[in-house]
Each structure stands twice: as structure tokens, then as C-alpha cells.
Amino acid sequence: MRKCMDAANLHRRMNKLIGQLNAIDKMIENDIPCEEVLIQINAAKGALHKIGQIILEGHLRHCVRDGIEHGDADKTISEFARALAHFANKS
């Protein structure tokens, strides 16, 4: 996985997200109005989604390309479709 993505960028984004989550926890502890907490939760969801997009794009550009060029193209495409479905499945 490391070869197909910018790990430093992902770690930086993850640390920022962890900071956002800790801030939300403090907001709850400090009885901040619900609307403000929900705004921050939505921002954290967006940040997590962006991290997933970066990983998915790296996977497509490197792992999927390599699988198609040097491996079993049908299997690679099928596995990518499953990964995309998992990523897109939000509840």
C-alpha cells in the first residue's frame, strides 16, 4: 500500500482529523450547542472522505494499473469495483 500513495500527506491529514475529533469531544464536554457540534462532525466526515478519495486514487493509479498491465486484468477490475463499492457505501 505504501508504494501507491503519499504516506506523509495521509499521516498529516489523519493527524488533523484526529485533532478535529478531539475538538468535537471537547465541544460535547463543554456543552456547546448541538448545531455547532454537528457542523464540526460534518467537517470531520468530509476530511475522512477526502482521505478515502486519496487512497482510492492512489490505488487506481498504481495497484490497479499494475494489475491490468502485469496481472489478471479481469480480477483486478473486479477487485477495484468491490473496493469502490465499499467506499461509496455510506449509511
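Helices here (H or I, at least four residues) are DSSP runs, numbered from the N terminus. This is a predicted model, where local features need pLDDT of at least 70 and side-chain atom pairs count only at pLDDT 80 or more, while totals for chains, interfaces and linings use all residues. Residues are numbered from 1 along each chain as its sequence is written, and side-chain values use heavy atoms, with hydrogens and water left out.

**Confidence**
- The chain's average pLDDT (the predictor's confidence in each residue, from 0 to 100) is 92, and 96% of the residues score at least 70.

**Helix α1**
- With 23 residues, α1 spans 33 Å from first C-alpha to last, close to the expected 33 Å (1.5 Å times one less than its number of residues).
- Which residues of α1 are buried? They're N9, L10, L17, I24 and M27, with buried meaning under 20% relative accessible area (1.4 Å probe, protein chains only).
- Those buried residues pack against α2 (34-70).
- After α1 comes D31, which has a positive phi, near 60°.

**α2 against α3**
- These two pack at about 175°, with axes 10 Å apart; the axes are lines fitted to C-alpha atoms over the stretch in contact, and angles run from 0 to 180 degrees between N-to-C directions.
- That makes α2 roughly antiparallel to α3 (angles over 145 degrees count as such).
- In contact terms (heavy atoms within 4.5 Å), α2 residues including H49, L56 and I68 meet α3 residues including A73, F80 and F87.
- By class, this contact has 10 nonpolar, six polar and no charged residues; Ala, Val, Leu, Ile, Met, Phe, Trp, Tyr, Cys and Pro count as nonpolar, Asp, Glu, Lys and Arg as charged, and the others, Gly among them, as polar.

Terms used: Buried < 20%, exposed > 50% of the residue type's maximum accessible area, 1.4 Å probe, protein only. Parallel < 35°, antiparallel > 145°, perpendicular 65-115°, else oblique.
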